[in-house]
Amino acid sequence: MEEGRLCQWSVCRSLLAIVQWWGFNVTVIIINKWIFQKLDFKFPLSVSCVHFITSSFGAYMVIKVLKLKPLIVVDPEDRWKRIFPMSFVFCVNIVLGNVSLRYIPVSFMQTIESFTPATTVILQWLVWRKYFNLRIWASLIPIVGGILLTSITELSFNMFGFCAALFGCLATSTKTILAESLLHGYKFDSINTVYYMAPLQP
């Protein structure tokens, strides 16, 4: 009975975390689009800078001031060899996302972002020489086909915004792959990840 309740609670927590992530993700994207479109703000790099400062400050408050999460200590050498490459790619990802929002609709950007699983598989195959079975390659066909079809029929298509979103997908995939290899041995939670990944960390 106890094991059943623990399992149910674990499932509920996972679902709640997914819903929260989805909600915050969509909210941030819509707010950024509102800033670029309604306020006619033409500086996506400035929005990205504010994003990093806010993330860094929030992580610092949770770990150092409120002490809600213990700080995971990272060797100084690992900060440059293992954390910095991921931080740089993470920064590129956020910047490209904000740049693309300035030129293309939110719906189109989200459609392009669904290309991320395909770019992850392709990068692992090309760069890291990781091989996948035929079923995985076959599952990518409808994803790639759907994005191509959407791009062709998109009324608000903008090549610069499309390329920025597409390279943002590549940056996301690269960050995911780097996380597997570079963070081996460190059990980062989400707060510590932001603390070390935000370029303006204290």
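## Charges and surface

Let's start with charge: the chain carries 17 positive and 10 negative side chains, and the centres of the two sets sit 3 Å apart. Here Lys and Arg count as positive and Asp and Glu as negative, with His and the chain ends not counted. Each charge is placed at NZ of Lys, CZ of Arg, CG of Asp or CD of Glu.

The model is predicted, so local features need pLDDT of at least 70 and side-chain atom pairs count only at pLDDT 80 or more, while totals for chains, interfaces and linings use all residues. Residues are numbered from 1 along each chain as its sequence is written, and side-chain values use heavy atoms, with hydrogens and water left out.

The accessible surface of the chain is about 13100 Å², and 70% of that belongs to carbon and sulfur atoms. These areas come from the Shrake-Rupley method with a 1.4 Å probe, and for residues only the protein chains shown count as cover.

## The overall fold

What is the chain built from, helices or strands? There are eight helices and zero strands, so the pattern along the sequence reads α-α-α-α-α-α-α-α. (Helices are DSSP runs of H or I with at least four residues, strands are runs of E with at least two, and both are numbered from the N terminus.) Taken along the principal axes, the C-alpha atoms fill a box of roughly 50 × 45 × 40 Å.

Of the 202 residues, 33% are buried. Buried means under 20% relative accessible area, exposed means over 50%, and partly exposed is in between, using a 1.4 Å probe and protein chains only. Among contacts (heavy atoms within 4.5 Å) with a separation of 6 or more, 81% join residues 24 or more positions apart.

## Spans from UniProt

An unreviewed UniProt entry places "transmembrane region" at residues 12-31, 43-63, 83-101, 134-153 and 159-178. UniProt positions follow the numbering used here, feature names are shortened, and annotations may be inferred rather than shown by experiment.

Now look at two of these spans in the model. Residues 134-153 are 100% helix and 0% strand, with end C-alpha atoms 29 Å apart. Residues 159-178 are also 100% helix and 0% strand, and their end C-alpha atoms lie 28 Å apart.

## Helix α5 and its cover

Helix α5 covers residues 116-126, and its buried residues are T116, A118, T119, T120, V121, L123 and Q124. What lies over them? The cover includes α4 (106-113), α6 (134-153) and α7 (159-182).

## Two ends of helix α2

Find S48 in helix α2, which runs over residues 44-65. S48 counts as buried because its relative accessibility is 1%. Its side chain makes a polar contact with the side chain of N98 at 2.8 Å. (A polar contact is a pair of N or O atoms within 3.5 Å; within protein, one must be able to donate a hydrogen and the other to accept it, and residues adjacent in sequence count only if both atoms are side-chain atoms.) Setting aside neighbours within four places in sequence, S48 is in contact with I94, V95 and N98.

M61 is in helix α2 too, but M61 is partly exposed, at 27% relative accessible area. Not counting residues up to four places away in sequence, M61 touches L66 and K67.

Y195 lies in helix α8, residues 190-197, and counts as buried because its relative accessibility is 5%. Y195 and F57 are 138 residues apart in sequence, yet 8.4 Å apart in space, C-alpha to C-alpha. M61 and Y195 are 134 residues apart along the chain, with 9.9 Å between their C-alpha atoms.

N192 is another residue of α8. Is N192 buried or exposed? At 0% relative accessibility, N192 is buried, and beyond residues up to four places away in sequence, N192 touches I63, P70, L71 and I72.
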